[in-house]
Amino acid sequence: MSSYTAHFKVWRGDADGGGLQDFQVEVNDGEVVLDIIHRLQATQASDLAVRWNCKAGKCGSCSAEVNGHPRLMCMTRMSVFRRDETVTVTPMRTFPVIRDLVTDVSFNYTKAREVPAFVPPKGVAAGEYRMAQQDVERSQEFRKCIECFLCQNTCHVVRDHEENKEAFAGPRFLMRIAELDMHPLDAAEETGLNRAASAQEDHGLGYCNITKCCTDVCPENIHITDNALIPLKERAVDRKYDPLVWLGSKIRRRGQ
Amino acid sequence: MATGTTPTTPVTEASGGRAHGRAAIAARHLRTDRWWVPPLVTALGLGAFIAYATWRAFANSDYYAAPYVSPFYSPCLASNCTSMKGGADWPLFGDWWGLSPALLVLVFPLGFRLTCYYYRKAYYRGIWWSPPACAVAEPHAKYTGETRFPLILQNVHRYFFYLALIVAGILTYDAVLGFRDPSGDWGHMGLGTVVLLVNIALIWAYTVSCHSCRHVIGGKLRHFSKHPVRYRLWNRVGALTARHMLLAWSSLISVGVADLYVYLVASGAFDDPRFF
């Protein structure tokens, strides 16, 4: 087992200010960035704040930016860096910092609450839901989300424009709308809620310019743009801009 | 600090607090990789094609060398076209159109590609820098995305997809005509036939891999189990859609190469090698 000393720069501070602090720290084979942050806590900076839980890429807690890339620290191997490379670790930029590497991600919970929940179908009790696998597999892909909020953090719509936070739900919650809109049993339509139109009108789907950074940073490799955001945009087009779809729905209605 | 703690070693790159309580990091980004290479390559690639296509579209010459017609000039919708034996030579616009006939046609593939979800990503990143790369701050003070004019017009992609199907059909007809010899008899094949065939295969692959196509084919359905044929097609199109970027570039290059080939043959730069 070999070890070496790495140069780390870790952002330390809080909402009042802060900056990058230098550390020389031991690195061993097989370690990830979160291991090094823990070593810093244990040996050099006992008050260094970092949020973490599972260390297995499943809880979504240790989101940060490593050399400028939004990443899970527990899933970023030290072996991807050269031994003489400085590794810079900063908190997610899009959210208010609480302290050091810990940010306040409550923006995301606010946005989550704005998305209308699953509407149960009439006449089918809980526990009696039956769905064909091919009908539900699209929604299931989105259920892999671990809510690390790296997609929300990297999306330039809110990362570079704080003022858009009010109007824009972000990729994670537009994906949630897509998940429900594609769900075979969701009965929102029967209650008068068109989720695709609502995504555009109420949740800022139009702000998305499909530059795919959300997909690039997703640690669960969910195809957010191709499978959620673009299909949602297409569904909005169905509702608002496609004359053939409009004509087809008129003819069908007449035939009923 | 609000927590009452102080770093044990000096802070080396300090700056003031940022608005909205974000971490005080002044740099636009902290990426250490060559993040600027993809947007640069994209901008150069698109720029080169636009320059070439503009020259050829306005040239109004050397676009037909029997039996080959440049994809830039087919269908030919004005009376001022070179006569093409059995080709898509339909002067719908009559003789009042005095400019290059390519301008009448290129608006359709141009609109299709301009509003394409992949090309949008490409030029938003490579040309408009919105953003130039992931986690690299964009230079614009304000951003409204595709919520208002003119970018809300990106939603017309669906219409251009329908039109692109027609254009692809006509180019397929042109490619089939490549099996005729210059005098119009069937049973010919030259290098130009291969060039047109490869081009039309890539154009169809790009057109069918379009996200709008994927949606129309089956993406709009809620219950795939009730539409097994469309579900199967949706899966097939989805496999192509995953390669949409590759197909976008390869079909862009192939259409340029096909036009260049016809130009070289029509201008007499070289003779089309004939296989049979």
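Q: Is Trp55(B) buried, partly exposed or exposed?
A: In this predicted model, the class follows from relative accessible area: under 20% is buried, over 50% is exposed, and values in between are partly exposed. Trp55(B) has a relative accessibility of 42%, and therefore counts as partly exposed.

Q: How many aromatic pairs does a search of the whole structure find?
A: The search over all chains gives 23 aromatic pairs. One of them is formed by Tyr52(B) and Trp55(B): the ring centres are 5.7 Å apart and the planes stand at 70°, so the pair is edge-to-face. A pair of aromatic rings is described by the distance of the centres and the angle of the planes.

Q: Where in chain B do Tyr52(B) and Trp55(B) lie?
A: Both belong to helix α1 of chain B, where three residues, about one turn of the helix, separate them. Elsewhere, ring pairs link a cluster made of Phe112(B), Tyr118(B), Tyr119(B), Phe161(B), Tyr162(B) and Tyr206(B).

Q: Which residue lies over the face of Trp55(B)?
A: Arg56(B) takes that place, at 5.8 Å from the ring centre. A second case is Arg180(B), which lies over the face of Trp186(B) at 5.6 Å from the ring centre.

Q: With which residue does Arg56(B) form a salt bridge?
A: The partner is Asp259(B), and the closest N and O atoms are 2.7 Å apart. Arg56(B) lies in helix α1 (residues 37–59) of chain B and Asp259(B) in helix α8 (residues 244–266) of chain B, so the bridge ties together parts that are 203 residues apart in sequence. Arg56(B) has a relative accessible area of 0% and is therefore buried. Asp259(B) is buried too, at 0% relative accessibility.

Q: Which residues do salt bridges with shared partners join into one network?
A: Arg12(A), Asp47(A), Arg99(A) and Asp100(A) are joined in this way. Over all chains, the count of salt bridges comes to 27.

Q: Which residue of chain B forms a salt bridge with Asp216(A)?
A: Arg125(B) does, with the closest N and O atoms 3.3 Å apart. The pair joins two chains, because Asp216(A) lies in helix α8 (residues 213–217) of chain A and Arg125(B) in helix α3 (residues 117–126) of chain B. Asp216(A) is partly exposed, with a relative accessible area of 48%, whereas Arg125(B), at 14%, counts as buried.

Q: How far does α8(B) reach from its first C-alpha to its last?
A: The helix has 23 residues and reaches 32 Å, close to the 33 Å expected at 1.5 Å a residue. After α8(B) comes Gly268(B), with a positive phi near 85°.

Q: Which residues of chain B does UniProt list for "transmembrane region"?
A: The unreviewed UniProt entry lists residues 35–55, 96–119, 159–180, 186–206 and 246–266 of chain B. In the model, residues 96–119 of chain B are 67% helix and 0% strand, with end C-alpha atoms 34 Å apart. Residues 186–206 of chain B are 76% helix and 0% strand, and their end C-alpha atoms are 29 Å apart.

Q: Are the faces of strand β5 (residues 87–90) of chain A covered or uncovered?
A: Both faces are covered: Val87(A) and Val89(A) on one side are buried, as are Thr88(A) and Thr90(A) on the other. Strand β1 (residues 3–14) of chain A pairs with β5(A) in the parallel sense over three bridges, and the bridge partner of Lys9(A) is Thr88(A). Strand β3 (residues 63–66) of chain A runs antiparallel to β5(A) and is joined to it by two bridges; here Val66(A) stands opposite Val89(A).

Q: How many residues of helix α6 (residues 211–219) of chain B are buried?
A: Seven of the nine are buried, and the helix is mostly covered. Among them are His211(B), Cys213(B) and Gly219(B).

Q: Is the peptide bond from Ser130(B) to Pro131(B) cis or trans?
A: The bond is cis, with omega near 0°, and Pro131(B) has its place in the loop between α3 and α4 (157–177) of chain B. The bond from Phe149(B) to Pro150(B) is also cis, with omega near 5°; Pro150(B) is found in the loop between α3 and α4 of chain B.

Q: What is the phi of Ala135(B)?
A: Phi is about 65°, a positive value although the residue is not a glycine. Ala135(B) lies in the loop between α3 and α4 of chain B and is buried, with a relative accessible area of 3%. Asn221(A), likewise not a glycine, has a positive phi near 55°. Asn221(A) is found in the loop between α8 and α9 (224–240) of chain A and is exposed, at 55% relative accessible area.

Methods. Residues numbered from 1 in each chain as written. Chains lettered and ligands numbered in written order. Predicted model: local features only at pLDDT ≥ 70, side-chain atom pairs only at ≥ 80, totals over all residues. Heavy atoms only, no water. Salt bridge = Lys/Arg side-chain N within 4 Å of Asp/Glu carboxyl O. Helix = DSSP H or I, 4+ residues; strand = E, 2+ residues; numbered from the N terminus. Buried < 20%, exposed > 50% of the residue type's maximum accessible area, 1.4 Å probe, protein only. UniProt positions renumbered as here; feature names shortened; annotations may be inferred. Pairing = 2+ DSSP bridges. Phe/Tyr/Trp six-rings, centres within 6.5 Å; stacked < 30°, edge-to-face > 60°. Lys NZ or Arg CZ within 6 Å of the ring centre and 35° of its normal. Expected span 1.5 Å × (residues − 1).
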